[in-house]
Amino acid sequence: FDDYYNPDTRVKFKSLDLRLVPEEATRIAALRAKEADIAPISLGSRKQVEAGGGRLVFSPEGSYIMGELWCYKPEFACSKTKVRQALAYALDVKLFQEKLWGPEVFVPKGWAWVTPSALGYSPELDPVYDPQKARQLLAEAGYPGGKDFPTLVVNVWASRAVPFLPESAQLAADMWKKELGIPVEVKLGEEAALKKARLGGLHGQVLWRDNETRIDGSSSIRSSYGTPGHAAAQTDDPAIFKLAEETLGTIDPAKRHEAYNKLQRVLRDGQYRLGPGYINLPWGVGPRVVEWTPFPMAFWPSGLHTLVLKP
């Protein structure tokens, strides 16, 4: 149907094949053999793709890293706002970039799901590294130098989308040990099991995870901060529930950005989640690809109307 797309978004090819290829080595071989034009790859495979005449294209803000803090019950140390803030200020987010992913992949901006292209983003949401302030806050919370702080368990899975996720959890744990003097234990688990366990089984612990970015964070706001008694709730603060309800009830397009920004700054200031930054997802493209500009915040091959192939 030639008129399906408007002229600005009409694709420049006549047919598209989508193939499920689980093995990365097979995907790379297909790119090099010109049997495929676009394939998800890891950053470590760049040289193999380039040796075959291809290159890497990054999908900006495709995923993000966060630490879910299941901490609102008062018997847990991390229920204290100053403890959560100390955990956030003790993270040297630049090290994630320098030691694991590099500047093309990891960007220390935003907070949790709120990346620069998301509704309600402002620079005030960006992470701040301040170890001196972190130690001061921890002391004010009753744990000077980490004394008497209970072991903080950090759960993580090996992500299929974001490489080095377990390594990033261990790096965060090492920072907390070094800067705050607290005991931290990293546990590697299975993704499906941890997602199930988070709904009531990880109280007092951290779930270090990746997730897809989104323009509108309403789903996370509704489940975690807008519905008292929800299995995914990460607070029991009536003021947060009320503000979330007001935010979700704001439907005027001219007012939504301000409303969402107000709530998200409250959540970030209270560090109800830890948000070190977002991930630009690497795609391998074959030698036939002249141009391609993926959309921001897309976890899949997007912006296909921008794809130009050699004749």
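1. Helix 1 provides the largest share of the lining of the largest pocket, namely four residues, in what is a predicted model throughout. The volume of the largest pocket is about 1,300 Å³, and of the 37 residues that line the largest pocket, R19, I38, A39, P40 and W283 are the closest to its centre. Two or more lining residues are given by each of helix 1 (24-32), strand 1 (38-40) and strand 7. Sorted by class, the lining of the largest pocket holds 24 nonpolar, four polar and nine charged residues.

2. The lining of the largest cavity comprises ten nonpolar, three polar and one charged residues.

3. The second largest cavity contains about 50 Å³ of space, and the residues lining it are L43, W101, V105, A161, V162, P163, F164, I279, L281 and P282. Here, too, strand 7 gives the most to the lining, with three residues. By class, the lining of the second largest cavity has ten nonpolar residues, no polar and no charged ones.

4. Strand 7 (residues 273-285) is also a pairing partner of strand 2, to which it is joined by ten bridges in an antiparallel arrangement; within this pair, V57 stands opposite W283 of strand 7. Strand 2 pairs with strand 6 (residues 205-212) as well, again in the antiparallel sense and over eight bridges, and there E68 stands opposite L207 of strand 6. Of the 16 residues of strand 2 (residues 55-70), 14 are buried, so strand 2 is largely enclosed by the rest of the structure.

5. A polar atom of the N280 side chain lies 2.9 Å from the backbone nitrogen of E61. Leaving aside residues up to four places away in sequence, N280 touches F58, S59, P60 and E61, together with E104, V105 and V107; of these, V105 is also among the residues that line the second largest cavity.

Definitions and conventions
Residues are numbered from 1 along each chain as its sequence is written. This is a predicted model: local features need pLDDT of at least 70, side-chain atom pairs count only at pLDDT 80 or more; totals for chains, interfaces and linings use all residues. Side-chain values use heavy atoms; hydrogens and water are left out. Buried means under 20% relative accessible area, exposed over 50%, partly exposed in between (1.4 Å probe, protein chains only). Two strands pair if DSSP finds at least two bridges between them. A polar contact is a pair of N or O atoms within 3.5 Å; within protein, one must be able to donate a hydrogen and the other to accept it, and residues adjacent in sequence count only if both atoms are side-chain atoms. Contact means heavy atoms within 4.5 Å. On a 1 Å grid over the protein atoms alone, a cavity is a set of points where a 1.4 Å probe fits but cannot get out, and a pocket is an open set with protein on both sides within 12 Å along at least five of seven lines; lining residues have an atom within 4 Å of a point. Grid points are joined across faces, edges and corners, and a volume is the space filled by probe spheres set on the points. Ala, Val, Leu, Ile, Met, Phe, Trp, Tyr, Cys and Pro count as nonpolar, Asp, Glu, Lys and Arg as charged, and the others, Gly among them, as polar.
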